[in-house]
Structure formats: structure tokens, C-alpha cells
Amino acid sequence: MYWKLIIFCGYGLYHKKNLREELTREFLEANVGDEWGGAGTGSSPASFNDLVMDVTSNKQDIKTFAFKTKVMMLKMEHKLQAARRQESIYWHLVSHSVPKSLHCLCLRLAEEYSTNAMARSRLPSPEFVYRLTDSSFHHIVLLTDNVLAASVVISSTVKNSANPEKIVFHVVTDKKTYNPMHAWFAVSSIRSAVVEVKGLHQFDWSHEVNVGVREMLEIHRIIWSHSYRSFKENAFKYEGENEKNLEVLSPSCLSLMNHLRIYIPQLFPDLNKIVFLDDDIVVQHDLSSLWELDLNGKVVGAVFDSWCGQKCCLGRKYKDYFNFTNPFIASNFDSDRCGWLYGMNVFDLMAWRKTNITTTYHHWLKLNQNSGLAFWRPGALPPALIAFEDHVHPIDPSWHLAGLGHHRLPPAAHKIIQTAAVIHFSGPAKPWLQIGFPEVRSLWNRHLNSSNTLIRKCSVLG
């Protein structure tokens, strides 16, 4: 009896080994076969339970089981990819919408401007006008059409400044936003600092600058339209690539406020050194020492490295901006080179005026246009990376932490967030949108004036 048991167990182990080998062989064969394995999509099971029932009730062999498993998994993968693509589209649409609360705020501020004399009062007050061109003050430039975002940038900067009385903010906006923007800062109390609000229609530019700006916008519009048509023709053929296309096809790629930074020396001819801030940032520490930075003769001070370590620039390498299938691009640039961060930069305008940076920018725009628009993705940064070549001075990564609107940062990065002087909500998930990540949105919300009547009436804080 004992020997019979041993023989039976040995046979069982041998049988299991053969079954495992046969199952492995059939799965490998199914894997190298055609996509649907010849099993037919119409009869493929919709779930694992259906698969088990199908195989057991029809007494199918292992080969059929392997192929039907493959078909079921492929169908599930396709459904998952379709759902992700749909999510990307919805994400894209929401990220570029104007929240009802922000629209409400702008309308009420426009009304305030037309009915309240204080909302139309001069900015800054006459006794502080001299500071607008005094190089002994710390000048900060914002180019924005978002009133709420501008208010957070300014309030967070002032709150964390060691010497707020030395700060002068230059807010440049478009004509449609000028009245609400002016009204907000005319009636809101900004401790010590000076705020200038100026509309683009109030600048007295030369004919040459006007022509250059119009030409720049037109070429960017053509680049955007070309990418948009290409995207529609190849809709979701390559999912990862098209997710990037969704981002670069945002309206901001056509915004004058987004491209005008290349003309900062012309916007502020009397200033020598400025700090440029995007409107989707929050200042967490004093910025005063930025004006003392030695740029070693360079034009711009910018962060290259990210929170993930030295020479780490996930999603910011040249290959993420430029088309390296183009021979001209491939022969002139390194695909693995890190691009510098836009959004918190120190500009030496005196050094800039001695260069041909703006001319180079325009030259490459035209070169791209004449080469079939195949050099780079839509946006202000790719041509700027080329134009500022050899004019960028790296600054400490702790000055600027970007990407808070792109993806959730790992737990280890939250310590770095606290030490960063400026956190940047670059990416689609802006903190004023519902899709903003809750774990970092509070860092932005805390700089909103919750006691403001208009903030409450428009339910800005939800």
C-alpha cells in the first residue's frame, strides 16, 4: 500500500510537470501568433468566469484555452487604452476651461471698475511712481490675464519677503483683463510693496517691435494649426505621443501673454535686472538674494536640475521639445540635454540688450516655418531654448520646484516642496481648477484672501 501511494504521488507530480510545460508552451505559441490568435473575437469570453465556463463546458484543449485567454486580455487592454484616451481628452478640456468662480470674479471686478472711483485710482500712487524705474528696488514682472493667479503670486511673495517695501511688481495684462486686474489691486491692500498694472494697449512700442510681435504670433499660430491638423489625422494612433500633443495644443500656446516674455527688454527699457514669475507659482521663501546673484555675464538665471537629483529632468529633455527625426535638429542638438525651467527666472536686461537673443528667436521661428514646421512642438520654450543658448546661468534647484500640475509627486518630494523657494504648478492641473491635486492645492489656497467679499460671493474657495 505504501509503495502504491508513492507511485501515485510520483505520477501526480509527473502529470503536473507535464501540464505546466504544455501550458507554458501553448502560451508562448499564442504570444508569437497573430494579434487575435486565430480564435475569433466574436466568441471570445468577456470575463475570467466566462473563460472558465467556456473551457470546462466545451471541454476545450489547452491550446484553445491559451488563445482565448490571449484574446480576452487583448480586448481588456484595448478597452483600458480607450478609457485612458478618453480621460486624456476630458482632462485636456477641463484644464483649459475658465472656472465659473473666476469668470464671476472678473465680471464683478469689471463692474467695480466702472462704478467705483477707488477701483480706478492710479496704480501706483503718485508718490511711488519713481520706484517703477529705480534700480535700487527689486522689480518683479508678471505677464498674465488671470486676476486670481496674479493675486496669489503677489500676496505669497509679499508675505514671505524680508523687505516687502523694496519690491515693485509690474503686472502686464491684455486689454480685456485690464479693468478687472486694475480694480483688484486698486481696492486690495498690498502691504508695503508697490504694484503697477499695465495693459498691452498702453505700451508705446516702436513700429519694429509691433511688426515683430505680430510676426511672432502668426508663426506660432501656424505651428499650432499644423500640429492640430496632424493630431486630428492621426488621432490616438500612438497614445503616449498624443498625450503630449494634448498638452502642447492648449490655448496658452497661442496666448500673447505666453510669448511676450521674449520682449521683456522692450517692455521695460528703464530696468536693468528683474525677476520673472509665471502666474501659476507660489512663493514660499524670501526672494531678495536673487537680485544679488552673480550670473557671470549670462542673461538669465534658471534652474536645470529637478527634485529627483542632479542632471535629472524628467519630461524636460530636448527630445521632449524637439523633433529629432528631423536631420537638421538631430545634427545640431543633443536629445538628452536638459532644458532649463521657465517660470521663475532672473533676467539681466543690460546683458540681454547687448545680445541678439530676440533676433535669434525670430530667425529660428522663420527657419522652422520654411522647413515644414517640423522642428519642435508648439510652445514658447523650444525656440527660447535655442535663442538663449550659451546665455543661461544655472542656479540652485531649491529656488524653483516645477511640475506640481503635471503629476502627483512621490511622498519623498513633499519634504523638498517645503524647502523650495518657489513652487510651480506647471502642467494642466492648475490649483484653481477642480482637477488640481488636493495634496498641493492647499499651498495655493492659503494665499487667497478668504475675507474678501468678491471671493466669497463668487465661491472661489468652493
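Let's start with helix H5, residues 147–159. In this predicted model, H5 lies across strand S1 (138–143), strand S2 (167–173), S3 and strand S4 (273–277). Its direction runs at about 175° to S2. Helix H6 packs on the sheet too, touching S2 and S3. The direction of H6 makes about 160° with that of S3.

Now the sheet itself. What is the order of its strands? It goes S3-S2-S1-S4-S7-S6-S8. That is seven strands in an open sheet, with mixed pairing. Strand S3 (194–199) and strand S8 (392–394) are the edges, and each pairs on one side only. On average, neighbouring strands are turned by 25° against each other, direction ignored.

Take one pair from it. Strand S6 (residues 300–302) and strand S7 (residues 344–348) run antiparallel, joined by two bridges. Val300 stands opposite Phe347 in S7.

Back to H6, and a helix partner. Helix H4 (residues 100–115) packs against helix H6 (residues 175–187) at an angle of about 75°. Their axes are 8 Å apart. So H4 is roughly perpendicular to H6. Who meets whom? From H4 come Leu105, Cys106, Leu109, Ala110 and Tyr113. From H6 come Tyr178, Asn179, Pro180, His182, Ala183 and Trp184. Nine of the contact residues are nonpolar, two are polar and none is charged.

Last, another sheet. S9 and strand S10 (residues 422–424) run parallel, joined by two bridges. There, His400 has Val422 in S10 as its bridge partner.

Technical notes. Residues numbered from 1 in each chain as written. Predicted model: local features only at pLDDT ≥ 70, side-chain atom pairs only at ≥ 80, totals over all residues. Heavy atoms only, no water. Axes fitted to C-alpha atoms, helices over the stretch in contact; angles between N-to-C directions. Helix = DSSP H or I, 4+ residues; strand = E, 2+ residues; numbered from the N terminus. Parallel < 35°, antiparallel > 145°, perpendicular 65-115°, else oblique. Contact = heavy atoms within 4.5 Å. Nonpolar A, V, L, I, M, F, W, Y, C, P; charged D, E, K, R; others polar. Pairing = 2+ DSSP bridges.
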